[in-house]
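This briefing covers selected features of the structure shown below, grouped by topic.

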Amino acid sequence: MTTPPESQATGQAAAQADAPEEIHAVPVRHPGRWVAAAVVLVLFAMLAHSLVTNPRFDWSVIWSYFTSTRVLKGLQVTILLTVVSMAIGIVLGVILAVMRLSANPLLSASSWVYIWFFRGTPVLVQLLVWFNLAFLYPKISIGIPFGPSWLTANANNLITPLAAAILGLGLNEGAYMAEIVRAGILSVEHGQSEAAQALGMSSSQTMRRIILPQAMRVIIPPTGNETISMLKTSSLASVITVTELLYAVQLIYSVNFKTIPLLIVASIWYLIVTSVLTAGQYYVERYFARGSARELPLTPFQRVRRYLTTWHAAPPAPLPSVDRDQA
Amino acid sequence: MSAAAGAGEAGAGLPGSPMVLAEGLHKRFGRLEVLRGIDLRVARGEVVCVIGPSGSGKSTLLRCINHLEKINAGRLWVDGELVGYRQHGGKLYELREREICAKRAEIGMVFQHFNLFPHMTVLENVIEAPIRVKGSARAEAIDRARQLLDRTGLAEKSDAYPKQLSGGQQQRVAIARALAMQPKLMLFDEPTSALDPELVGDVLAAMRDLATSGMTMIVVTHEMGFAREVGDTLAFMDDGLVVETGRPRDVLANPAQERTRAFLSKVL
């Protein structure tokens, strides 16, 4: 058995015993980098200057509306739309991906058609269709197919703007998630399902316990991407009168005409939520990376903490190889 | 030979009956005939080593025995029961998934590339099937897993992930994982072929232990030394057929068939 630390330690000991002279050479100059840095700095200064001095940004208006009840309510609806639509999208995506990979040709084909249709039409059009569903189906009922119905509701009451937005965004997302999940499932080595089957696990157990947890490593990054994208796509719901963040500020600036400041309010909120989601994605990815690398890298917080705690400490002494040999 | 006569010979679960019996076994992948009439008999407690050139159908034979492949013709019995089918009134019925799973659970299999579950620790790898498939209690499964890991000297690696282990350690975990299901038959598919030479010994030692404990084993291998010392029988396969079987010493020292001789002259 080889133990890498040991060989490293003996290597260090050897290096110390007979250390060659360090090289002191004149480093290569990079004038191009300095010029590029200067250009970027000037541009950045110009931007900062205009942000501060241009009175039309109306920063006082921005801050006064930033935490107003109407904006916060809109933010709430935006987050609700994002979370619920993504949840629907993910569940639907897993089901569609499994269907797509199924041996049953009808299941696989219907999954293909679903993805083809929902990816092939603009999500804005889908939202409008769901919003106007009552025109197609005035009454919606639950019952035996082609038989009697037990529960009937008026479509106009059932499909509120919010429900239409959730349906439109969620069903559309399902098509995209299906492809992401399918890629994840296909990325898991065939030997894994074989080993699980050889142990007597059923195909559903194999999928749930062995394949999907490993597929997650491939699925998570694009899903994070989709969630961030969904956060912003949810602003399309403003078209069907859902008072999410964008529509909330639109309602305000349609009265006071502070268009740009209020759009900046919305943008700042979108940026904040996106940042939170990005951080969340980092930790979810880390969780599912367990076992994929020999050792997980430190999180930024762990790195800062280690940096702070070792700041004044002496540099770590080379490992005494003698100790290890005895152990 | 008719199916009925074969079934009689296979005799379900009787002590003297063979653990594995293949008669005229055929397996095709599309138009490629991989197995072309295999006849093989493995007694209880016997260790059969299978050698042969690559592409001769050794792995496919193991996969057929473990229901991972469906056979196209011939008959195959494991422990007196037909593999893949149920015979009823002269007709064959395909087994349902649940029935196949139940049979696979009684046969352990070890793969060339270990195929440990990388997202689970060593201990989780070993207890997964006993808990999910057999319905063992968690504490009991953990107890048994620790015993098995202890036996191959991997007790302190319980909480490591497979990637943190050497190939030899991974393969020994894979053996422990298969043994945790308390199988009646163990199949090894070139278990040492993916290992660095210095790691092969530990895995072979674990297999030798297992053979001494009376386990019925079919080992596809290129380790002639292991075949000679541990194997009760050596089967040479070529081109989808079992060309020659016999005591390992005899087959290795003076093969009866020309093809066996040609193969051995290349590998020995």
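**Helix packing and side-chain contacts**

The model is predicted. Over all chains, the count comes to 21 salt bridges.

Helix pair in chain A
- The crossing of α3(A) past α13(A) is right-handed.

Salt bridge in chain A
- A:Glu179 and A:Arg100 form a salt bridge through their side chains, at 3.5 Å from N to O.
- This pair connects distant parts of the chain, with A:Glu179 in helix α9 and A:Arg100 in helix α4, 79 residues apart.
- A:Arg100 is partly exposed, at a relative accessible area of 22%.

Salt bridges in chain B
- B:Asp79 and B:Arg44 form a salt bridge whose closest N and O atoms are 2.7 Å apart.
- The two residues lie 35 residues apart, B:Asp79 in the loop between β4 and β5 and B:Arg44 in the loop between β2 and β3.
- B:Asp79 counts as buried at 16% relative accessibility, whereas B:Arg44 counts as partly exposed at 29%.
- B:Arg86 in strand β6 and B:Glu99 in helix α3 of chain B are 13 residues apart in sequence, so their pairing ties these parts together.

Surface patch in chain A
- A:Val35, A:Val39, A:Val42, A:Leu43 and A:Met46 form a nonpolar surface patch with about 480 Å² of accessible area together.
- A:Val35 belongs to helix α2 and is exposed, with a relative accessible area of 53%.

Definitions and conventions
Residues numbered from 1 in each chain as written. Chains lettered and ligands numbered in written order. Predicted model: local features only at pLDDT ≥ 70, side-chain atom pairs only at ≥ 80, totals over all residues. Heavy atoms only, no water. Patch = residues over 30% accessible without salt bridge, like charges linked within 9 Å, V, L, I, M, F, W, Y side chains within 5 Å. Areas by Shrake-Rupley, 256 points an atom, 1.4 Å probe, with all protein chains shown as cover. Salt bridge = Lys/Arg side-chain N within 4 Å of Asp/Glu carboxyl O. Helix = DSSP H or I, 4+ residues; strand = E, 2+ residues; numbered from the N terminus. Buried < 20%, exposed > 50% of the residue type's maximum accessible area, 1.4 Å probe, protein only. Left-handed = near helix turned anticlockwise from the far one by under 90°.
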